[in-house]
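Student: I would like a close look at a single part of this model.

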Amino acid sequence: MVTIAAGLQQCSYSQSSPSADKKQTMDSTKTNNPYYSKTDSGTVNVPEAEWQKILPKDVYYVARQKGTERPFTSQFEHSKEIGTYYCAVCGNPLFKSDTKFESGCGWPSFYEPISKSSIIYTPDNSHGMKRTEVECGKCKSHLGHVFDDGPPPTGLRYCINGVILDFEKAKDAEKKYNQQ
Ligand SMILES: [Zn+2]
């Protein structure tokens, strides 16, 4: 792992304060993005040129160009906070924190989406591999891939780019935590 990380130093992700950088990205996503809504569940259909204008570069690269963020760079990879993960592009609820698990693969991993309609599945035969791509069911942004080596009860591993996730802490999470 050390060798891999050292070989990736040309990557544009800041090593110094990833969480602070990430926060700015998230905030600007919402401010400049009129298509982001956690309440409107209608399909979002926006021309690519428009997305390019609205989305931060790293989000656009993953979401619309099917890019992959560098492994082990997401603030969400080891997060155990209780809440909901939304699509950072459109606000579609994707995963609950209680379906998140430590896969060790370098990206946030979940074993089950919030609902069947929250995800679109597409065969992906690129890079000489047979994989299943997962896209946001509302805005068709690329999220990552799903593999069949996950834990019970589903046996699935949704391997998701953290940059495409927008986390909202459960409102009563703090209270529950204090009562324990
Ligand atoms: Zn979306």
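Is Cys 139 buried or exposed, and what is its relative accessible area?

Tutor: This is a predicted model, in which local features need pLDDT of at least 70, side-chain atom pairs count only at pLDDT 80 or more, and totals for chains, interfaces and linings use all residues. Residues are numbered from 1 along each chain as its sequence is written, and side-chain values use heavy atoms, with hydrogens and water left out.

Cys 139 has a relative accessible area of 2% and is therefore buried (under 20% relative accessible area; exposed is over 50%, partly exposed in between; 1.4 Å probe, protein chains only). Its SG is one of the protein donors of the zinc ion, together with the SG atoms of Cys 87, Cys 90 and Cys 136, lying 2.3 Å from the ion. Donors are N, O and S atoms within 2.8 Å of the metal (3.2 Å for Na, K and Ca); water is not among the atoms, so sites may look incomplete. The angles subtended by the four donor atoms run from 102 to 115°, so the arrangement is tetrahedral (four donors, all angles between 85 and 135 degrees). Along the chain the donors follow the spacing C-x2-C-x45-C-x2-C. Cys 87 in strand S1 (residues 83-87) and Cys 139 in the loop between strands S6 (131-136) and S7 (142-147) are 52 residues apart, a pair that links distant parts of the chain. Strands (E, at least two residues) and helices (H or I, at least four) are DSSP runs, numbered from the N terminus. Cys 87 is at 0% relative accessibility and so counts as buried.

The backbone oxygen of Cys 139 lies 3.0 Å from a polar atom of the Arg 64 side chain. Arg 64 sits in the loop between helix H4 (57-63) and S1, and counts as buried because its relative accessibility is 17%.

Notes:
Four donors count as tetrahedral if all angles lie between 85 and 135 degrees; four count as square planar and six as octahedral if opposite donors are over 155 degrees apart and all others between 65 and 115; anything else is irregular. A polar contact is a pair of N or O atoms within 3.5 Å; within protein, one must be able to donate a hydrogen and the other to accept it, and residues adjacent in sequence count only if both atoms are side-chain atoms.
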